[in-house]
Amino acid sequence: MQQHGCILWFTGLSGAGKSTLSEAVARELRAQGVAVEVLDGDEVRENLSKGLSFSKEDRDTNVRRIAFVANLLAKHGVIAITAAISPYRAIRAEARAKSQAPFIEVFVDAPLAVVEARDVKGLYKKARAGEIPVFTGISDPYEAPLAPEVTVKTGEESIAQSTSKVLEHLRHAGLLGSA
């Protein structure tokens, strides 16, 4: 299958469903014979950004590293999926501006109440208790995208519905190519 590389930049609060959705999208793309790579925020932080703090400067450095790797993959025909909070608009705009392939921002939109209720990793509870001093959505801002190419509402939609929205955008944009 001929395909064009691109960057699918999943952004949203911790627990919004970025990793779950990115893996579901990747699974569907792989089933269609598409070259895809997922750059999960937690994995990148562990392997490429170890030692960085959660200061704004270090978060921006982490996002720049993710963007660099995603761009390398995308310009060589891979669909690079990033799944990182990337809380600040300016650094996401920088990642978009430096991209040499189509950049598709996917806002994984889940209200704070929903992600706190999920609290899969127990992070919101710790942040509310003051055990995590700088935490996106609680003590540090999350700047939602103003004009994302795709918005999925994981508090209302199933993973299948959200996955379909992303894949439909790729088809409509002509980024999946043809057999």
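**Figure 1. Strand S5 shows a covered and an uncovered face.** Val150 and Val152 make up the covered face of S5, while Thr151 and Lys153 make up the uncovered one. Helices (H or I, at least four residues) and strands (E, at least two) are DSSP runs, numbered from the N terminus. S5 pairs with S4 in the parallel sense over four bridges; two strands count as paired if DSSP finds at least two bridges between them. Within this pairing, Val106 stands opposite Val150. A word on what you are looking at: this is a predicted model, in which local features need pLDDT of at least 70 and side-chain atom pairs count only at pLDDT 80 or more, whereas totals for chains, interfaces and linings use all residues. Residues are numbered from 1 along each chain as its sequence is written, and side-chain values use heavy atoms, with hydrogens and water left out.

**Figure 2. Five strands form an open, parallel sheet.** Read across the sheet, the order is S2-S3-S1-S4-S5. Strand S2 (36-40) and strand S5 (150-153) stand at the edges with a single partner strand each, so one side of each has no neighbour in the sheet. Neighbouring strands are turned by 20° against each other on average, direction ignored. Angles run from 0 to 180 degrees between N-to-C directions, and axes are lines fitted to C-alpha atoms, for helices over the stretch in contact.

**Figure 3. Strand S4 is covered on both faces.** What lines up on each side of S4? Phe103, Glu105, Phe107 and Asp109 are on one side, with Ile104, Val106 and Val108 on the other, and all are buried. Here buried means under 20% relative accessible area, exposed over 50%, and partly exposed in between (1.4 Å probe, protein chains only). Five bridges join S4 (residues 103-109) to S1 (residues 6-11), and the two run parallel. Along this pairing, Ile7 stands opposite Phe103 and Trp9 opposite Glu105. Helix H4 (residues 89-98) packs on the sheet, touching S1 and S4, and its direction makes about 150° with that of S4. Contact means heavy atoms within 4.5 Å.

Figure 4. Glu37 stands opposite Ala80 in S3. S2 is mostly covered, with four of its five residues buried. Helix H3 (residues 56-74) lies across S1, S2 and strand S3 (79-83), running at about 150° to S1.

**Figure 5. Ser86 sits in the loop between S3 and H4.** Is Ser86 buried or exposed? Ser86 is buried, with a relative accessible area of 3%. Leaving aside residues up to four places away in sequence, Ser86 touches Trp9, Phe10, Thr11, Val63, Arg92 and Tyr142. The side chain of Ser86 also reaches the backbone oxygen of Ala84 at 3.1 Å. That is a polar contact, a pair of N or O atoms within 3.5 Å; within protein, one must be able to donate a hydrogen and the other to accept it, and residues adjacent in sequence count only if both atoms are side-chain atoms. Ser86 and Phe107 are 21 residues apart along the chain, and their C-alpha atoms are separated by 11 Å. The backbone deserves a look too: phi of Ser86 is near 40°, a positive value in a residue other than glycine. Most residues other than glycine have a negative phi.

**Figure 6. Asp119 lies in the loop between H5 and H6.** Phi of Asp119 is near 30°, again a positive value in a residue other than glycine. Asp119 is buried, at a relative accessible area of 17%.

**Figure 7. The largest pocket is lined by 31 residues.** About 730 Å³ of space lies in this pocket. Of the lining residues, Ser14, Lys18, Asp42, Ile85 and Lys121 lie nearest its centre. The elements giving two or more residues to the lining are helix H1 (18-31), helix H2 (41-47), H3, helix H5 (112-118) and helix H6 (123-128). On a 1 Å grid over the protein atoms alone, a pocket is an open set of points where a 1.4 Å probe fits, with protein on both sides within 12 Å along at least five of seven lines; lining residues have an atom within 4 Å of a point. Grid points are joined across faces, edges and corners, and the volume is the space filled by probe spheres set on them.

**Figure 8. Thr163 lies in helix H7 (residues 159-172).** Thr163 counts as buried at 5% relative accessibility. Not counting residues up to four places away in sequence, Thr163 touches Leu21, Ala24, Val25 and Glu28.
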